[in-house]
Amino acid sequence: MEENNQPQVLFFSYIEQDDSFIATLTCRETVRSYALLSLPSSMPHHVKNMLADQALDDLGLTHIASSRVGDTLKRGISTGERRRLSIACRVGGWVNIAVY
């Protein structure tokens, strides 16, 4: 229980060590694609895009939002940034994010 006597809701999500991203997409395009596919179809696109952008901001990826993800053949974002991008894609802005 939290201090205000409201039950605490916990969310868990399994995130693979290395996601398979499309190397030619930017980080913003990647997170927005996940948001468009995973959030309810009744939710407006602009809200999904806003949540995706918020996820990038929450995980400190705003500065690379326009960078290509890349792969083993084409240089892209760093390994740590790639890992945070995986988290942004899985949980996005639609749940509270706690990163330790």
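The legends below describe several close-up views of one predicted model.

Residues are numbered from 1 along each chain as its sequence is written. In this predicted model, local features need pLDDT of at least 70 and side-chain atom pairs count only at pLDDT 80 or more, whereas totals for chains, interfaces and linings use all residues; side-chain values use heavy atoms, with hydrogens and water left out.

**View 1. The chain and its elements.** The chain holds three helices and zero strands, where helices (H or I, at least four residues) and strands (E, at least two) are DSSP runs, numbered from the N terminus. Read from the N terminus, the order of elements is α-α-α. Of the 100 residues in the chain, 32% are buried; buried means under 20% relative accessible area, exposed over 50%, and partly exposed in between (1.4 Å probe, protein chains only). Among contacts with a separation of 6 or more, 65% join residues 24 or more positions apart, a contact being heavy atoms within 4.5 Å.

**View 2. The crossing of α1 and α2.** Two packed helices are described by the angle between their axes and the distance between the axes. The axes of α1 and α2 come within 9 Å and cross at roughly 130°. This angle makes α1 oblique to α2. Axes are lines fitted to C-alpha atoms, for helices over the stretch in contact, and angles run from 0 to 180 degrees between N-to-C directions. Angles under 35 degrees count as roughly parallel, over 145 as roughly antiparallel, 65 to 115 as roughly perpendicular, and the rest as oblique.

**View 3. Residues between α1 and α2.** On the α1 side, Cys 27, Arg 28, Val 31, Arg 32, Ala 35 and Leu 36 take part. They meet His 45, Lys 48, Asn 49, Ala 52, Asp 53, Ala 55 and Leu 56 of α2.

**View 4. Helix α3 and its buried residues.** Helix α3 comprises 13 residues (residues 79-91), which at 1.5 Å a residue should span 18 Å; its end C-alpha atoms are 19 Å apart, in agreement. The expected span is 1.5 Å times one less than the number of residues. Buried in α3 are Glu 81, Arg 82, Leu 85, Ser 86, Ile 87, Ala 88, Cys 89 and Val 91. Their cover includes α1 (27-38) and α2 (45-58).

**View 5. Gly 76 in its loop.** Gly 76 lies in the loop between α2 and α3 and is partly exposed, with a relative accessible area of 29%. Not counting residues up to four places away in sequence, Gly 76 touches Arg 68, Val 69 and Gly 70. The C-alpha atoms of Gly 76 and Thr 26, 50 residues apart along the chain, are separated by 9.3 Å.
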